[in-house]
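Student: I would like to go through this model before using it. Please take the questions in turn.

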Amino acid sequence: MIKFDVLTLFPNMFDGFLSESIIKRAIEDKLIKVDITNFRDYSDLKNNQVDDTPYGGGEGMVLMCDPIVKAIEEKKKKNSKIILMSPQGKRFDQKMAMDLSKESHLILVCGHYEGFDERIKSFIDEEISIGDYVLTGGELPSMVLIDSISRLVPGVITEGSYENDSFMDNLLDYPTYTKPREYRGMKVPDVLLSGDHKKIDEWRKEKQIESTKEKRPDLINEKIIKEVGKYSLIDDNSNNKSLVSINIEDSYNFLPNNKIKKSDLASISKVMIVEPTFIDKIARQNVEKKIAILMKQANIVLNDETDDEGAMYVLGEIDRMQGLLLTQYAKYLGMEYVSLMQIKLEALKNGINTKMMAKMNIQNFETKRGRGR
Ligand SMILES: C[S@@+](CC[C@H](N)C(=O)[O-])C[C@H]1O[C@@H](n2cnc3c(N)ncnc32)[C@H](O)[C@@H]1O
């Protein structure tokens with residue numbers, strides 16, 4: 001038995017939800033208990049005020065902490081879990097529904113208007129969102145939680161009927177059919193009429209994988225990552241983002257997961273996993289080392305008047321480095337860093353060029369003077 005205590009300003013919104021179908025039966029069978037409380041009743045202010053204008057200005061009204069905290073304190077027991085319904089919370093999914101179905105008491109706090117005074121967060125255990133959109137209040141989200149959690153409580157629906165549901169085991173459900181056998185030219189697949197349950201199970205599993213791959217490849221990837229370990233390669237170029245899985249838990253051997261069909265595997269002769277910051281560090285070290293060598297060589301030719309060949313060689317090497325900076329390093333290190341290095345190299349080149357020009361001028365001068373004699 002799981003008990004839900006809902007704290008809301010609009011209790012009537014729950015009437016239909018609690019008095020129909022599976023949820024109604026689960027309450028009657030005492031498999032779940034749902035109490036709806038209006039936290040306005042816990043306000044000590046005039047007219048049972050529960051909200052006020054936001055500090056700092058802005059639109060809308062903000063729910064005060066006090067009535068909600070007092071309601072929580074009255075409902076709370078030793079094993080209670082207090083959940084704040086909020087679009088800013090962790091996104092709700094089947095796994096969370098499974099985990100929460102093992103709790104014995106959930107207090108669901110529904111917001112309204114602009115939301116809650118931030119300090120309410122000191123009094124709750126978890127903030128949950130039902131999706132990336134904003135609703136007018138937390139009533140529908142708390143009904144979503146109660147509904148999805150309740151159907152996982154043993155006895156609420158037929159045992160085992162949720163085992164193949166979408167999202168269990170990170171797969172979507174298989175296709176289902178009912179009478180008639182043929183509808184407007186569309187036939188029920190033969191295998192489902194065969195009576196061979198082993199074959200039917202295999203077909204259903206295959207369809208689950210096929211459908212998940214097509215509609216929700218992210219779920220398949222997550223499943224493999226979960227089963228295989230921390231590292232996986234996802235082929236971003238393929239349409240269905242097919243996944244190549246590797247296991248590097250024990251050593252640096254990359255082993256394809258046995259459960260994966262051959263068609264899911266890509267053949268890779270060498271895999272290198274590099275942290276992006278590491279590329280940056282190595283690239284900078286390389287550039288700085290190469291520039292230091294060029295500076296040393298430039299220094300030598302600047303101090304040796306006779307080494308014209310050496311000077312030409314160093315000028316050629318500087319040109320080559322400038323080209324590498326633009327074609328190879330700019331994509332890792334960015335243009336700002338590359339421009340700085342280009343200025344350094346340009347200064348080196350200027351030094352050598354000036355020296356060579358000066359030498360040529362002296363030689364010309366001496367040749368002319370020789371002729372003049
Ligand atoms: C209009 S919303 C307030 C939204 C808030 N200003 C924000 O942007 O985060 C009012 C209340 O509805 C509930 N709510 C709205 N969208 C929700 C969602 N996606 N999941 C869970 N609760 C939601 C929350 O209880 C929230 O306090």
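Student: How many helices and strands are in the protein?
Tutor: Helices (H or I, at least four residues) and strands (E, at least two) are DSSP runs, numbered from the N terminus. This is a predicted model, in which local features need pLDDT of at least 70, side-chain atom pairs count only at pLDDT 80 or more, and totals for chains, interfaces and linings use all residues. Residues are numbered from 1 along each chain as its sequence is written. The protein has nine helices and eleven strands.

Student: What is the average pLDDT of the protein?
Tutor: pLDDT is the predictor's confidence in each residue, from 0 to 100. A score of at least 70 is reached by 83% of the residues. The average is 86.

Student: Which strand gives the most to the shell around the ligand?
Tutor: The ligand is surrounded by 20 residues, the closest being Pro87, Gly111, Gly115, Gly138 and Pro141; a residue is near if its C-beta atom, placed from the backbone, lies within 6 Å. The shell divides into nine nonpolar, ten polar and one charged; Ala, Val, Leu, Ile, Met, Phe, Trp, Tyr, Cys and Pro count as nonpolar, Asp, Glu, Lys and Arg as charged, and the others, Gly among them, as polar. With four residues, the strand that gives the most is S5 (residues 80–91).

Student: Which residues of helix H3 (residues 65–75) are buried?
Tutor: Buried means 20 or more other C-beta atoms within 10 Å of a residue's own, exposed means 12 or fewer, and partly exposed lies in between, with C-beta atoms placed from the backbone. On H3, the buried residues are Pro67, Ile68, Ala71 and Ile72.

Student: Which residues touch the most other members of the largest nonpolar core?
Tutor: A nonpolar core is a set of buried Ala, Val, Leu, Ile, Met, Phe, Trp, Tyr and Cys residues joined through C-beta atoms within 7 Å. This core has 35 residues, and the elements giving two or more residues to this core include H3 and S5. The residues touching the most other members are Phe4, Leu7, Ile68, Ile83, Leu108 and Val109.

Student: Which peptide bond is cis?
Tutor: Most residues other than glycine have a negative phi, and most peptide bonds are trans. Proline 180 lies in the loop between H5 and strand S8 (182–183). With omega near 0 degrees, the cis bond runs from lysine 179 to proline 180.

Student: Is arginine 184 buried or exposed?
Tutor: Arginine 184 is found in the loop between S8 and strand S9 (186–187). The phi of arginine 184 is positive, about 45 degrees, although the residue is not a glycine. Because 5 other C-beta atoms lie within 10 Å, arginine 184 is exposed.
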